[in-house]
Amino acid sequence: MSKLKIEGKNVLSGTIEISGAKNSAVALLPASLLCKTKSKIFKVPKIRDIEYLIKILEVLNCKCKIENNAVEIDTTHLKNAPIPEELSEQMRASYYFMGTLLARFKKVEISFPGGCHIGARPIDLHIKGFESLGAKVEIIKNKYIITADKLIGGRIYLDIASVGATINIMLAAVSAEGKTIIENAAREPEIVNVASYLISMGAKITGAGTSTIIIEQSLDLDNGVTEVFPDRIEASTYIVLGALMGENLKIKGFIKEHINAVLTKLNDVGQDFELNGDEITITRAKKYLPTNIKTQVYPGFPTDMQQVFTVLLTRASGESTVTETIYESRFKSAELLNQMGANTAACENVLTIKGPTELTGKSLWVPDLRGGAALLVAGLISEGTTILDNIPLLLRGYEDVVEKLKAVGAKIEIIE
Ligand code: UD1
């Protein structure tokens, strides 16, 4: 299996352009099923999850045309079919086909979704939401079978402001009779991206991006068009890398409001940067201050960034903490950072980082997507060579990561 070889300590300068967001794109492609004929999505990142989603769309008899980063989906001959395990288990987002197939056919047969092992990750809120709309959900072996005679809108309160459940319920609710109101909805930009795509098809949705979303029944949706929002986690990852190794490193093409929580923490550690529209210029600080981070739902500090930010905290003079409130198993990469020379200790959901420590390259196994990004950043600041194994997990989330980093001066290559 191929591995990633990283020679550390190279200063990075130049410009990194941000791609479309994985977590938006993986919802937008399944959302296309709601269109009667054709839809088009621009700025779709070329990553493995998208390849698998396209395979699922083909199982459902859709025709997909990919040109650069634009994907055109023709659903004219859409047919319902069970979504096989070898496709659904490749990623978590395969669960969005539940919402869209339920809306289109009132019947879904799908094997359990996959995804990174970062905690229990149940989908009970999705299921409860579908049941509230009138669906019957059965689990037979490793499959969900969801059926409904008809879907009827109502008021759905989410116990947890879950991104996936909010989007999935919104997708199903467009075909539910009357009005559906999702309360305590998640407010992440991905939800706004999906809602605006559905609105472009003719759906009647208000409130996306707030904690109350109202969806009115909208049949005959068609001709959806949208652009995937810039990837706020990719942008934040490269910005943190710029804080560690940048020399006038520019990161371009993000939406500042989406990454405010991360920028605030950069201020807290004493890192300067210059913001200019959709671009940031960053040169590594001489010294970093410790800080405390608590992961929260948007617009709080994203759980998907805590592992990468931890690498920066290994360089801060003093004791920092990261409190993880979303997932229970998201400190695996910190143990690996310790093997590189970091001084971190996890106690329940709090990670303590004592610094500053110097890191040394090691051969390591990527534990999960964002943990892989943390190890990549760690490798780039380490003395010597780092070899990362199990890299498909990392490549899942970062389009052209090797090419983008090479172009700004990183010594990084895929080896067999
Ligand atoms: C999405 C992102 C993931 C990110 C996460 C939180 C995608 C494909 N993935 O995941 O990168 O880390 O948001 O920002 O977009 N929960 C339940 N029951 C449910 C659903 C969720 O208990 O039915 C819990 C989860 O276990 C977790 C929390 O709610 O503790 C948040 O999960 P959720 O927002 O749903 O995350 P995902 O949509 O899975």
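Visitor: In β16, which residue is the bridge partner of K252?

Guide: The partner of K252 in β16 is E279. Before continuing, please note that this is a predicted model, in which local features need pLDDT of at least 70, side-chain atom pairs count only at pLDDT 80 or more, and totals for chains, interfaces and linings use all residues. Residues are numbered from 1 along each chain as its sequence is written, and side-chain values use heavy atoms, with hydrogens and water left out.

Visitor: How should I read the strand names and their pairing?

Guide: Strands (E, at least two residues) and helices (H or I, at least four) are DSSP runs, numbered from the N terminus. Two strands pair if DSSP finds at least two bridges between them. Here, β14 (residues 246–252) and β16 (residues 279–282) pair in the antiparallel sense over four bridges. β14 is also joined to β2 (residues 12–17) by five bridges, and these two strands run parallel. Within that pairing, I16 has I251 of β14 as its bridge partner.

Visitor: Which strands pair with β5?

Guide: Strand β3 (residues 38–42) is joined to β5 by four bridges, and the two run antiparallel. β4 and β5 form a hairpin with two residues between them, and N68 in the turn has a positive phi of about 50 degrees.

Visitor: Are the residues of β5 buried or exposed?

Guide: A residue is buried under 20% relative accessible area, exposed over 50%, and partly exposed in between (1.4 Å probe, protein chains only). In β5 (residues 70–74), five of five residues are buried. In a regular strand the side chains alternate between the two faces of the sheet. In β5, A70, E72 and D74 lie on one side and V71 and I73 on the other, and both faces are covered.

Visitor: How many residues of helix α6 are buried?

Guide: Ten of the eleven residues of α6 are buried, including G164, I167 and L171. An α-helix has 3.6 residues a turn, so residues three or four places apart point the same way. At the start of α6 (163–173), a side-chain oxygen of S162 reaches to within 3.4 Å of the backbone nitrogen of G164. Such a polar contact is a pair of N or O atoms within 3.5 Å; within protein, one must be able to donate a hydrogen and the other to accept it, and residues adjacent in sequence count only if both atoms are side-chain atoms.

Visitor: Which residues come nearest to the ligand?

Guide: A residue is near a molecule if one of its heavy atoms lies within 4 Å of it. Of the 18 residues around the ligand, D124, L125, S162, D304 and I326 come nearest. Helices α5 (124–132), α6 and α10 (303–313) each supply at least two residues of this shell, and α5 gives the largest share, three residues.

Visitor: Which side chains place a polar atom by an oxygen of the ligand?

Guide: Among them are R92, with an N or O atom 2.8 Å from a ligand oxygen, Y95 at 2.9 Å, and N23 at 3.0 Å. Taken alone, the ligand exposes 730 Å², and the protein buries 90% of that; accessible areas come from the Shrake-Rupley method with a 1.4 Å probe, and for residues only the protein chains shown count as cover.

Visitor: What should I look for in the loops?

Guide: Q271, in the loop between α9 (260–268) and β15 (274–276), counts as buried because its relative accessibility is 1%. A polar atom of its side chain lies 2.7 Å from the backbone oxygen of T283. N61 is not a glycine, yet has a positive phi of about 70 degrees; N61 lies in the loop between α2 (48–59) and β4.

Visitor: Where is a cis peptide bond found?

Guide: One of them joins Y298 and P299, with omega about 10 degrees. P299 lies in the loop between β17 (292–294) and α10. The bond from G355 to P356 is also cis, with omega near 5 degrees.
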